[in-house]
Amino acid sequence: MEEILRAPGKGGGGIPRYARTDLEVGKVTVPAGSLLMLDNGAANHDAAAFDDPDRFDIVRPGAASHLTFGHGARYCIGAPLARMELHVAFDQLIRRFPDMRLAVDTDDLAVRQDILTGGLVTLPVVW
């Protein structure tokens, strides 16, 4: 489940935050009060944190260290519920449709760009 949560976003979105104090990001000083866009999806594809980050690997070691639900004081309070819902949904889907598979090549899947949470435009399947 953790790789499913980690893998989709590869940048382009962001969560607006304001710097509370002066801080340094890389070699850039960000003054207090500056608007920042934190892109968790880009962080989840950081090669320093994940080997071959753009490859989906359902048994990826360390996938649970993703930032999909944020981190620290801003960690999503609904994360445990979301994980439970995903576990139940996928478990029931696989049980009900054990022969289900994609009806198109993975290269033909399009990701929504018009909303912050992303997701696929369509998911054509056959069973």
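L123 sits in the loop between β5 (101-102) and β6 (125-126).

Confidence was examined next. Mean pLDDT for the protein is 89. A value of 70 or more is reached by 94% of residues. Among the elements, β6 has the highest mean pLDDT, at 96. The lowest mean, 83, belongs to helix α2 (residues 40-43). Where pLDDT is low, predicted coordinates should not be read in detail.

The overall fold comprises three helices and six strands. Along the sequence, these elements follow the pattern α-β-β-β-β-α-α-β-β. The C-alpha atoms fill a box of roughly 55 × 30 × 30 Å along the principal axes.

The second largest pocket holds about 520 Å³ of space. Its lining consists of 16 residues. R17, L38, N40, H71 and R74 are the closest of these to the pocket centre. Three strands each supply at least two lining residues: β1 (15-18), β2 (23-25) and β4 (35-38). The largest share comes from β1, which gives three residues. By class, the lining of this pocket has 10 nonpolar residues, three polar residues and three charged residues.

Technical notes: Residues numbered from 1 in each chain as written. Predicted model: local features only at pLDDT ≥ 70, side-chain atom pairs only at ≥ 80, totals over all residues. Heavy atoms only, no water. Helix = DSSP H or I, 4+ residues; strand = E, 2+ residues; numbered from the N terminus. pLDDT = per-residue confidence, 0-100. 1 Å grid on protein atoms, 1.4 Å probe; cavity = no way out; pocket = protein on both sides within 12 Å on 5 of 7 lines; lining within 4 Å. Points joined across faces, edges and corners; volume = space filled by probe spheres on them. Nonpolar A, V, L, I, M, F, W, Y, C, P; charged D, E, K, R; others polar.
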